[in-house]
Amino acid sequence: MKATNKCISVIIAALFISMAAMAAVPGPEGDGVDRNVRTLGSDPFVPVTNISDVPNLAYPGTPLALTGTVSPDNATYQQITWSVLNANATGATISGSTFNATAPGSMTVLATIENGRSLGGWATVSAGNAHTMAIKYDGTLWGWGEGTYGQLGLGMSFMYLSYPFQVGTASDWMTVAAGDGHTVAIKTDGTLWAWGHNLYGQIGDGTTRSDRYTPVKIGTDTDWAMVSAGYGHTVAIKTDGTLWSWGFNQDGQLGNGTLSTDETIVPTKVGTDDDWVMVTAGRDHTLAIKEDGTLWAWGCNSSGELGDNDTREVRTPKKIGTDEWKDVSGGFMHSLGIKADGSLWAWGWNSSGQLGSDVFMMSKVPVRIGDANDWSSVSAGMMSSAAIKNDGSLWTWGENRNGQLGDGTDTNRIAPVRVGSGETWNAVSIGTDFTAAINDNGIDNDNMWTWGKNNGRLGDGMAADRRLPANIDNYMRPFQINVASPNPPTFTNNPAYNIPASTVGIAIQNINLYVAVSGGTPSYSFSATGLPAGLEIDTVGVISGTPTAAGPGGTATITVTDRASKTASITISYGAISAASVPEPPAITTASLQNGTVGAAYSETLTAAGDPAIAWSIIGSLPGGLTIAGDTISGTPTASGTFSFTVKAENDAGADTKALSVTIAPAPVPPIDVAAAGEWKKGAGTGYTITVSADISKFTGVKMNGITVDPSNYSAVSGSTVITFKEAYMSALSAGDHTIDILFTDATASTTLKITADNDGEIGGNGNGNGGGGGSGGNGGKDGGKDGNGDDNGSLMIYAAIAAVIIVIAAAAFYLVMIRKP
């Protein structure tokens, strides 16, 4: 018995050391210990008190220990009920929890967690030089592998960790990139974070040579969209399409035009372009793609990794060819890319076949791999390569001495070989000598696989290298432990959760019963009977829904079940459910619409009676420039006239229509500026010019005295709207007043023009005729004809008048003489 006790004591001591190490990792829901645990067995319940040393986390295959005090002496074959808090989702179980007590005192129970898998799948993964970072679908961030510089973000330096550990407690991580010894990531709020090695300022927090062991926020910007980590430099793109870089720049990899060992220690904008959509950092070079699909490269080029048919470094982004690309990845000294047509290409160093061909040593320009056109994504490692096709198949090639190609061998491959046969892969990332990939098992299944060099890089809890993919979720996954309570759960504050009166068709306010439960063995599940039709309770105690039938108030029974299958029930009441109100159809009350003017802002709000949820529409066409949004017709009219259309108001109860019209007046035309004060003299030697301050594009023609003038008789000059009548046309017009109408698209402007004769032919001129023989031609008056050629009609008329007077006088004299004769 003493030997046995000594052996148990040694085992327990070892277990306590093991559990203490695991207990340093906080569990998601506390320590899971209930201080009123009782054992269950063939004998009556035996209380166990003063429970201690219950770990809140455990791993498959790890012994568990629970120590407590047993008071009676008949605890024969009693069993303490252990449970895994997320057992239903993970499949984990616990075995070996029985004990015998022959006397009161301290009792230790041993158990082991079996089977199980992690809860929640992996969304994205990035393999660095010797560490791996990944994000789950729940937004949590995890890291494993080498942690010498703090690149795992766990608050301290590690030689390596062989299984995933969560970085902090945040669940809002969006993307992550693992570099040589540092890590950068972006959260869903657009903030940028970095940690790990900082010798060259690659963290970007304004310092150098100060490694960071936990994530550090970089600046205050909230518009980061993509980030990539290289050996000693970092590159990123913002949501506005600008490109930024920082860190090591000895080979021009920052793209800022310099070549210097002086580091850039904060994010610095690269050029002025704002059309970048993708960027990737190789060891000492950078590749990027613009919106138009063009490929650009800069940095180290000693092995042709830039693809510009040269080996000299490039200090600013350089365009590579003219083809359109959709994906690119920079490796140690080689690059991979996929063109828009789905073809796969590689360039740079080729010592181990990483270019997927047998070209000698290197290629300074992209060379095509095979003839397939169905490639979707690529990843370039140190001297290995990987790519995924549209069908989800995964292919690898290049160096394989550590099994990083995952084909079961350590043989280098100069052409792509398929990994597995039936899997569908979503993502792949190659590190220095190992590979991590995610398949499509789903967000609740094990979907992270690793292979190649280990030493913690694979995250499988082992040290041995692997030549075939291994699912890391089957190895050393933590689970939260729970100890069952002998007491059932209880409800509190019951009246606070009665359901108030409601109405058919209107959703009720959520009522949460979970917070009113205590005791028992968490977690809890809920069920309900007697709830009104349309209402239900979910598994965490939230009652919600939309009543579907009217009726009086009543009661319902709510039951809570804990993890130990113990239950408790309460009765809650609910108020009467009123019938749904009948919606009122709309009735348009707008009587008429205000008129508008071309070029002037217009806005008119439509009105209608009825339930307020009304949708408005137009049947027919509104005047040009006007649109309807909600209940408002607005815009700037572009054409004049009277426009008729129908407005329609509609809700769930019906619709109403009404015919309306709106008159749009022409835009006002500015006054005409008439040259020479509205007067033109014949014989002036030039035409007649009118200047109109109006848009020439709306000028349509001219009328003279109501008759359209042939356009050949005038010219219109664009810009100033100068209208010039030709001299020949003007000369043909008679002297006197003339009305000129200038015609526009929507209006007419008029002016009056007076035409006078020239100085050589005065109208009614003074003739110089001699005697009755008639004049020899007038000298012309101011109002004469254009050529000033007078005639003698004026003189003849004067002579005729004088003769008539003489005749009248003679006749009068003769009459008087005749009367006086005796």
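This report describes salt bridges in a predicted model.

## Overview

Searching the whole structure gives 19 salt bridges.

## Asp-172 and Lys-187

Asp-172 and Lys-187 form a salt bridge through their side chains, with an N to O distance of 3.8 Å. The two residues lie 15 residues apart, and their pairing links distant parts of the chain. Asp-172 sits in the loop between strand E13 (158–166) and strand E14 (173–178), while Lys-187 belongs to strand E15 (residues 182–187).

Asp-172 has a relative accessibility of 25% and counts as partly exposed. Lys-187 counts as buried because its relative accessibility is 12%, and buried means under 20%.

## Asp-273 and Lys-290

A salt bridge also joins Asp-273 to Lys-290, and the closest N and O atoms are 2.5 Å apart.

The relative accessible area of Asp-273 is 32%, so Asp-273 is partly exposed. Lys-290, at 7% relative accessibility, is buried.

## Glu-679 and Lys-681

The side chains of Glu-679 and Lys-681 are joined by a salt bridge of 3.4 Å, N to O. Glu-679 is partly exposed at 31% relative accessibility, and Lys-681 is partly exposed at 46%.

Asp-221, Asp-223 and Lys-238 make up one network, joined by salt bridges that share partners.

Terms used: Residues are numbered from 1 along each chain as its sequence is written. This is a predicted model: local features need pLDDT of at least 70, side-chain atom pairs count only at pLDDT 80 or more; totals for chains, interfaces and linings use all residues. Side-chain values use heavy atoms; hydrogens and water are left out. A salt bridge is a side-chain nitrogen of Lys or Arg within 4 Å of a carboxyl oxygen of Asp or Glu. Helices (H or I, at least four residues) and strands (E, at least two) are DSSP runs, numbered from the N terminus. Buried means under 20% relative accessible area, exposed over 50%, partly exposed in between (1.4 Å probe, protein chains only).
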